[in-house]
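I opened this notebook to record what I looked up in the structure. The entries follow in the order in which I made them.

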Amino acid sequence: MAEVKRTYDATSRRERARRRRLDVVLAAQELFDANGFQATTISEVARRSGVSAESIYKGFGTKAALAKAVFDYVIAGDDEPVPIAERPHVQAIQDEPDVRRKIRLYLTGAGERQQRSARVQILIRDGRHSDDTLRDTWQTLLDERLTGMTMFGRHLFETGDLRPGITLDEVVDVLWTYISVELYELLVLLRGWSLERYEEHLATAVGAALCRPSV
C-alpha cells in the first residue's frame, strides 16, 4: 500500500506542476496579446497565474523563454507531452498514398496552426528588434520550422511522385516559404482572407510548385 501511495503522490505532484505551468503560459499569452512583450512583466504574469515570480524564473528562466513556451503551446493546441511529429494527423499524412493529398492534409493543419500561433510569432519576430533576448528565440523558431520542413520535404521527395528534376533543397525551400508567418500575415491578417481561402491557396500553389502536372 505504501508503494501505491508514493506512486499516486508522485503522479499527483506532476499533474499539479503541469497545471501550474499551463496557468503561467496562459496568463503570459493573455498579457502578451493585450500589452505586448516589453510591457508585460514577470510579476504581472505571476499575479495573473497565482504563482510566485520566483517560481516562473525557476521554471522558465527568462521572459523570452516564456514567450517560446507560449508558442509551443499554441502551435500544438494543447499541453500534452506528445511531439507534433507523433500525433495522429501526422500519421494520417504519412499513410496517405497520394502526394497531392498529403500536401493538402499537411497545409490544412498548417493553416490551423498559423491561426493559433501567428500573433505570438509576430510578437517574437518584431520584438527582437527592440529586445535582444528575443533574437535567439526567433532564430529557434526559424530553425524548428526548417527542421520540420526538411522532414516533411524528405517524406514527399521519397514518394518519387514530385515533378522531374526537383531537388530536396527546392522542396524544403518551397515549403519553408509558403508556411511562413509572413504569408499568413499578408493574406489573412492584412488582406482579410478566410482561413479556408488561405489553405486552398497554399495547397494549390505548393502542389503546382512541387508535383507533376495533373493529366
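**Entry 1, overall build.** I read along the sequence and found the pattern α-α-α-α-α-α-α-α-α-α. The secondary structure comes to 10 helices and zero strands, where helices (H or I, at least four residues) and strands (E, at least two) are DSSP runs, numbered from the N terminus. I noted that this is a predicted model, in which local features need pLDDT of at least 70, side-chain atom pairs count only at pLDDT 80 or more, and totals for chains, interfaces and linings use all residues. Residues are numbered from 1 along each chain as its sequence is written, and side-chain values use heavy atoms, with hydrogens and water left out.

I looked up pLDDT, the predictor's confidence in each residue, from 0 to 100. The chain averages 91, and 93% of the residues score at least 70. Among the elements, helix H1 (residues 2–35) has the lowest mean pLDDT (82), and H9 the highest (98).

In helix H2 (residues 42–49), the buried residues are Ile-42, Val-45, Ala-46 and Ser-49. Seen down the axis of H2, they fall within an arc of 100°, so they line one face of the helix; the arc is that of the directions from the helix axis to the C-beta atoms. Just after H2, I noted that Gly-50 takes a positive phi of about 75°.

Note on methods: Buried < 20%, exposed > 50% of the residue type's maximum accessible area, 1.4 Å probe, protein only.
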